[in-house]
Amino acid sequence: MKLSILSSIRNKRGGLVSLIFRIWKHLRVRRKLQLGAILIMMLLSGIAELISLASIVPFLALLTNPESINAFPFIKSLFSWIDVDVSSQGSLILVTCLFVIAAILSTTIRLINIWMGAIVSASIGTDFSSEALRRTLYQPYLRHINRHSSSVITGMTHHISCTVSIINNTLQ
(Lines give C-alpha, C1' and ligand atoms only; values in the text may rest on other atoms or scores of the structure.)
Protein backbone atom coordinates (compact mmCIF):
# COMPACT_ATOMS: atom_id res chain seq x y z
CA MET A 1 0.00 0.00 0.00
CA LYS A 2 2.67 2.50 1.03
CA LEU A 3 4.88 1.57 -1.90
CA SER A 4 2.08 2.17 -4.38
CA ILE A 5 1.41 5.60 -2.85
CA LEU A 6 5.08 6.52 -3.04
CA SER A 7 5.43 5.29 -6.62
CA SER A 8 2.35 7.23 -7.68
CA ILE A 9 3.78 10.34 -5.99
CA ARG A 10 7.10 9.92 -7.77
CA ASN A 11 5.38 9.69 -11.13
CA LYS A 12 3.39 12.91 -10.67
CA ARG A 13 4.93 16.31 -11.46
CA GLY A 14 8.64 15.68 -11.12
CA GLY A 15 9.02 13.17 -8.34
CA LEU A 16 9.53 12.90 -4.65
CA VAL A 17 12.03 15.76 -4.41
CA SER A 18 9.50 18.08 -5.98
CA LEU A 19 6.90 16.90 -3.48
CA ILE A 20 9.22 17.59 -0.57
CA PHE A 21 9.89 21.12 -1.80
CA ARG A 22 6.18 21.76 -2.30
CA ILE A 23 5.45 20.57 1.24
CA TRP A 24 8.36 22.66 2.56
CA LYS A 25 6.92 25.75 0.89
CA HIS A 26 3.62 25.34 2.78
CA LEU A 27 5.15 24.80 6.22
CA ARG A 28 5.10 27.43 8.91
CA VAL A 29 8.40 28.85 10.15
CA ARG A 30 7.91 27.09 13.48
CA ARG A 31 7.58 23.70 11.76
CA LYS A 32 10.71 24.39 9.70
CA LEU A 33 12.64 25.14 12.89
CA GLN A 34 11.27 21.97 14.48
CA LEU A 35 12.39 19.96 11.45
CA GLY A 36 15.84 21.53 11.82
CA ALA A 37 15.91 20.42 15.47
CA ILE A 38 14.94 16.91 14.37
CA LEU A 39 17.80 16.92 11.86
CA ILE A 40 20.22 17.79 14.66
CA MET A 41 18.71 15.01 16.80
CA MET A 42 19.16 12.58 13.90
CA LEU A 43 22.85 13.49 13.69
CA LEU A 44 23.23 13.08 17.46
CA SER A 45 21.40 9.77 17.26
CA GLY A 46 23.76 8.56 14.55
CA ILE A 47 26.82 9.56 16.57
CA ALA A 48 25.39 7.89 19.69
CA GLU A 49 24.67 4.70 17.71
CA LEU A 50 28.23 4.74 16.39
CA ILE A 51 29.65 5.11 19.90
CA SER A 52 27.36 2.35 21.16
CA LEU A 53 28.42 -0.02 18.41
CA ALA A 54 32.08 0.89 18.84
CA SER A 55 31.90 0.08 22.55
CA ILE A 56 30.83 -3.51 21.87
CA VAL A 57 34.25 -4.63 20.63
CA PRO A 58 36.28 -3.61 23.71
CA PHE A 59 33.55 -4.99 25.97
CA LEU A 60 33.56 -8.41 24.29
CA ALA A 61 37.36 -8.46 24.02
CA LEU A 62 37.74 -7.76 27.72
CA LEU A 63 35.16 -10.41 28.58
CA THR A 64 36.97 -13.10 26.62
CA ASN A 65 40.56 -12.10 27.35
CA PRO A 66 41.39 -9.37 29.89
CA GLU A 67 44.93 -8.96 28.50
CA SER A 68 43.54 -8.00 25.09
CA ILE A 69 42.87 -4.52 26.43
CA ASN A 70 46.32 -3.52 25.14
CA ALA A 71 44.85 -3.59 21.62
CA PHE A 72 42.60 -0.64 22.50
CA PRO A 73 44.75 2.44 23.24
CA PHE A 74 41.78 4.59 24.23
CA ILE A 75 40.59 2.13 26.87
CA LYS A 76 44.16 1.57 28.06
CA SER A 77 44.76 5.31 28.47
CA LEU A 78 41.39 5.63 30.23
CA PHE A 79 42.42 2.90 32.68
CA SER A 80 45.75 4.56 33.36
CA TRP A 81 44.04 7.95 33.82
CA ILE A 82 41.52 6.50 36.30
CA ASP A 83 44.27 4.35 37.85
CA VAL A 84 42.54 0.99 37.38
CA ASP A 85 44.58 -2.19 37.02
CA VAL A 86 43.96 -3.79 33.62
CA SER A 87 43.98 -7.34 34.95
CA SER A 88 41.58 -6.71 37.84
CA GLN A 89 37.81 -7.17 38.05
CA GLY A 90 37.51 -3.38 38.25
CA SER A 91 38.49 -3.09 34.60
CA LEU A 92 35.72 -5.48 33.58
CA ILE A 93 33.20 -3.56 35.67
CA LEU A 94 34.36 -0.23 34.20
CA VAL A 95 34.12 -1.44 30.60
CA THR A 96 30.72 -2.98 31.31
CA CYS A 97 29.49 0.30 32.82
CA LEU A 98 30.80 2.25 29.82
CA PHE A 99 29.06 -0.13 27.44
CA VAL A 100 25.76 0.04 29.35
CA ILE A 101 25.92 3.86 29.54
CA ALA A 102 26.62 4.09 25.81
CA ALA A 103 23.73 1.75 24.99
CA ILE A 104 21.28 3.57 27.29
CA LEU A 105 22.34 6.98 25.97
CA SER A 106 22.00 5.81 22.37
CA THR A 107 18.57 4.32 22.99
CA THR A 108 17.36 7.41 24.84
CA ILE A 109 18.46 9.74 22.03
CA ARG A 110 16.81 7.47 19.46
CA LEU A 111 13.53 7.39 21.41
CA ILE A 112 13.55 11.19 21.74
CA ASN A 113 14.19 11.40 18.01
CA ILE A 114 11.22 9.13 17.22
CA TRP A 115 8.99 11.03 19.66
CA MET A 116 9.95 14.41 18.18
CA GLY A 117 9.33 13.11 14.65
CA ALA A 118 5.88 11.83 15.57
CA ILE A 119 4.93 15.09 17.29
CA VAL A 120 6.14 17.28 14.44
CA SER A 121 4.54 15.16 11.71
CA ALA A 122 1.24 15.21 13.63
CA SER A 123 1.54 18.97 14.03
CA ILE A 124 2.17 19.37 10.31
CA GLY A 125 -0.92 17.25 9.66
CA THR A 126 -2.93 19.48 11.98
CA ASP A 127 -1.69 22.59 10.19
CA PHE A 128 -2.53 21.11 6.78
CA SER A 129 -5.96 19.94 7.97
CA SER A 130 -6.81 23.37 9.36
CA GLU A 131 -5.72 25.09 6.17
CA ALA A 132 -7.63 22.62 3.98
CA LEU A 133 -10.77 23.08 6.06
CA ARG A 134 -10.41 26.86 5.96
CA ARG A 135 -9.99 26.85 2.18
CA THR A 136 -12.95 24.48 1.76
CA LEU A 137 -15.25 26.53 3.96
CA TYR A 138 -14.45 29.81 2.22
CA GLN A 139 -15.29 28.56 -1.27
CA PRO A 140 -18.29 30.06 -3.04
CA TYR A 141 -21.71 28.73 -2.09
CA LEU A 142 -22.41 27.34 -5.58
CA ARG A 143 -19.34 25.18 -5.35
CA HIS A 144 -20.65 23.63 -2.11
CA ILE A 145 -24.00 22.90 -3.71
CA ASN A 146 -22.46 21.15 -6.72
CA ARG A 147 -20.14 18.84 -4.74
CA HIS A 148 -20.85 16.08 -2.28
CA SER A 149 -19.49 17.03 1.14
CA SER A 150 -18.62 13.43 1.98
CA SER A 151 -16.32 13.11 -1.05
CA VAL A 152 -14.61 16.38 -0.16
CA ILE A 153 -14.05 15.33 3.45
CA THR A 154 -12.88 11.85 2.45
CA GLY A 155 -10.48 13.28 -0.10
CA MET A 156 -9.05 15.78 2.34
CA THR A 157 -8.57 13.32 5.16
CA HIS A 158 -7.05 10.68 2.87
CA HIS A 159 -4.55 13.04 1.26
CA ILE A 160 -3.57 14.65 4.53
CA SER A 161 -3.15 11.31 6.32
CA CYS A 162 -0.99 10.04 3.43
CA THR A 163 1.12 13.20 3.60
CA VAL A 164 1.55 12.89 7.38
CA SER A 165 2.45 9.21 7.00
CA ILE A 166 5.10 10.02 4.40
CA ILE A 167 6.53 12.81 6.58
CA ASN A 168 6.61 10.54 9.63
CA ASN A 169 8.28 7.70 7.70
CA THR A 170 10.82 10.14 6.24
CA LEU A 171 11.69 11.46 9.69
CA GLN A 172 12.25 7.94 10.98
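These are my notebook entries on a predicted model of one protein.

**Ground rules.** I number residues from 1 along each chain as its sequence is written, and side-chain values use heavy atoms, with hydrogens and water left out. Since this is a predicted model, I kept local features at pLDDT of at least 70 and side-chain atom pairs at pLDDT 80 or more, while totals for chains, interfaces and linings use all residues.

**Overall fold.** I looked up the elements and found eight helices and zero strands. For me a helix is a DSSP run of H or I with at least four residues, a strand a run of E with at least two, both numbered from the N terminus. I then checked burial: 29% of the 172 residues are buried (buried is under 20% relative accessible area, exposed over 50%, partly exposed in between, with a 1.4 Å probe and protein chains only). I also looked at contacts (heavy atoms within 4.5 Å). Among those between residues at least 6 apart in sequence, 65% join residues at least 24 apart.

**Confidence.** I read pLDDT as the predictor's confidence in each residue, from 0 to 100. The mean is 81, and 86% of residues reach 70 or more. Helix H3 (residues 29-54) has the highest mean at 92, and helix H1 (residues 2-11) the lowest at 49. Over residues 1-6 the pLDDT is below 50, and this stretch has five contacts beyond near neighbours in sequence.

**Salt bridges.** My search of the whole structure gave four, taking a side-chain nitrogen of Lys or Arg within 4 Å of a carboxyl oxygen of Asp or Glu. I followed Asp-127 next, and it pairs with Arg-28 at 3.7 Å, N to O. Asp-127 sits in helix H6 and Arg-28 in the loop between helix H2 (16-26) and H3, 99 residues apart. Arg-31 also bridges to Asp-127, with the closest N and O atoms 2.7 Å apart. That pair joins helix H3 to helix H6 across 96 residues. Asp-127 is buried at 13% and Arg-31 is buried at 10%, whereas Arg-28 is exposed at 51%.

I noted one more bridge, Arg-134 to Glu-131, at 2.6 Å, N to O. These two are three residues apart in helix H6, so about one helical turn separates them.

**Thr-136.** I found this residue in helix H6 (residues 89-137), buried at 14% relative accessible area. The side chain of Thr-136 reaches the backbone oxygen of Ala-132 at 2.7 Å. Leaving out residues up to four places away in sequence, Thr-136 touches His-144, Val-152 and Met-156.

Technical notes. Polar contact = N/O pair within 3.5 Å; in protein donor to acceptor, adjacent residues only side chain to side chain.
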